[in-house]
Amino acid sequence: MRNILLFITFVVCFNAFSQEKVIYTYRQKDSTLIISGKGEIQNDDVNKYKDKCLKVEINEGIERIQFFSFCDFKLMKEIQLPNSLRVLGKNTFVGCASLESVVIPPKVRWIMGSFTNCDNLKYITLPDTVGIDLRAFDRCRSLKRLSFGYLSSYTIYHLEGCDSLEFIEVRDTTSPYKTWDGMLYISDEVIIYPYAKKDRSCRFPDFIRKIKMLENPYVEEIYVSDDINKIELYPCENLKMIRSENKIFYDRSDEELKMDSFVIQVNDRKRKTFK
């Protein structure tokens, strides 16, 4: 019993000590929240600044941000993260509708769900060491380019609602997930063709055997290998032709649609998880 009481006392004292190390200062003249000290930013401590912050400056020494800490900071346009940051909690910046850019420090190793519904996020800098879950960027409607280190093998998701995305890049050459001309593929299968990729004509490399096309409104012609064996099409409103050097697999150039048996049309406009 005495050992249990000592343990509880230690935990309470440790938590209180950790909290005292983090200092929150709100500068009213420019609506900036300055966070300094050491330790972890806690959700409850920053939540009261949600409706008045335009900018957040986090100083060196802060190592962790608790999950949901800056959720729905709708007015926040800018946040500066320190190089000392190691852990970015899940859903940290969900709903930060005014946030335009962010630089992720090199010690952060993983991003999960962090930027969902950041409508104005245009630029994000990710170091090679950071792995991402693509759900972290769902409905980032202004994001044009996504370049990152590596992708987890068990959380492949389409970038739902990324209506401005033109280009994807995986920089880790050892990753099973790779990119070619802005498209994401694994082995012989293209799994994400960016919604806003603006090429009217697209030529896939010969090693690609399967393709998933998601609602791209720009592409009109697709060129593939003779050995292609599966094409899954969500509504691509201007697509007229899919062909190889010797075959035509999809032809909507006249009134009658002609389609090979392995071309699958998916009429549900909601983008779904790829497994």
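K197 is buried, with a relative accessible area of 5%; buried here means under 20% relative accessible area, exposed over 50%, and partly exposed in between (1.4 Å probe, protein chains only). Its salt-bridge partner is D199, with N and O 3.0 Å apart, and D199 is partly exposed at 31%. A salt bridge is a side-chain nitrogen of Lys or Arg within 4 Å of a carboxyl oxygen of Asp or Glu.

This is a predicted model, in which local features need pLDDT of at least 70 and side-chain atom pairs count only at pLDDT 80 or more, while totals for chains, interfaces and linings use all residues. Residues are numbered from 1 along each chain as its sequence is written, and side-chain values use heavy atoms, with hydrogens and water left out.

A search of the whole structure finds 17 salt bridges. Here are some of them:

| Pair | N to O distance |
|---|---|
| D199 and K197 | 3.0 Å |
| E57 and K55 | 3.3 Å |
| R27 and E57 | 3.8 Å |

Strands (E, at least two residues) are DSSP runs, numbered from the N terminus. R27 is partly exposed at 28% relative accessible area, whereas E57 counts as buried at 17%. Through shared partners, salt bridges join R27, D30, K55 and E57 into one network.

Next, have a look at strand pairing, which requires at least two DSSP bridges between two strands. Strand 16 (residues 183-186) and strand 17 (residues 189-192) run antiparallel and are joined by 3 bridges, with I186 standing opposite E189. Their hairpin has 2 residues between the strands, and S187 takes a positive phi near 55° there. Strand 17 also runs parallel to strand 19 (residues 210-213), with 2 bridges between them; E189 has K210 as its bridge partner in strand 19.

Leaving aside neighbours within four places in sequence, I228 is in contact (heavy atoms within 4.5 Å) with I208, R209, K210, I211, F249 and F262. I228 is buried, with a relative accessible area of 4%. Although I228 and F249 are 21 residues apart in sequence, their C-alpha atoms are 9.4 Å apart in space.

Note on methods. Helix = DSSP H or I, 4+ residues; strand = E, 2+ residues; numbered from the N terminus.
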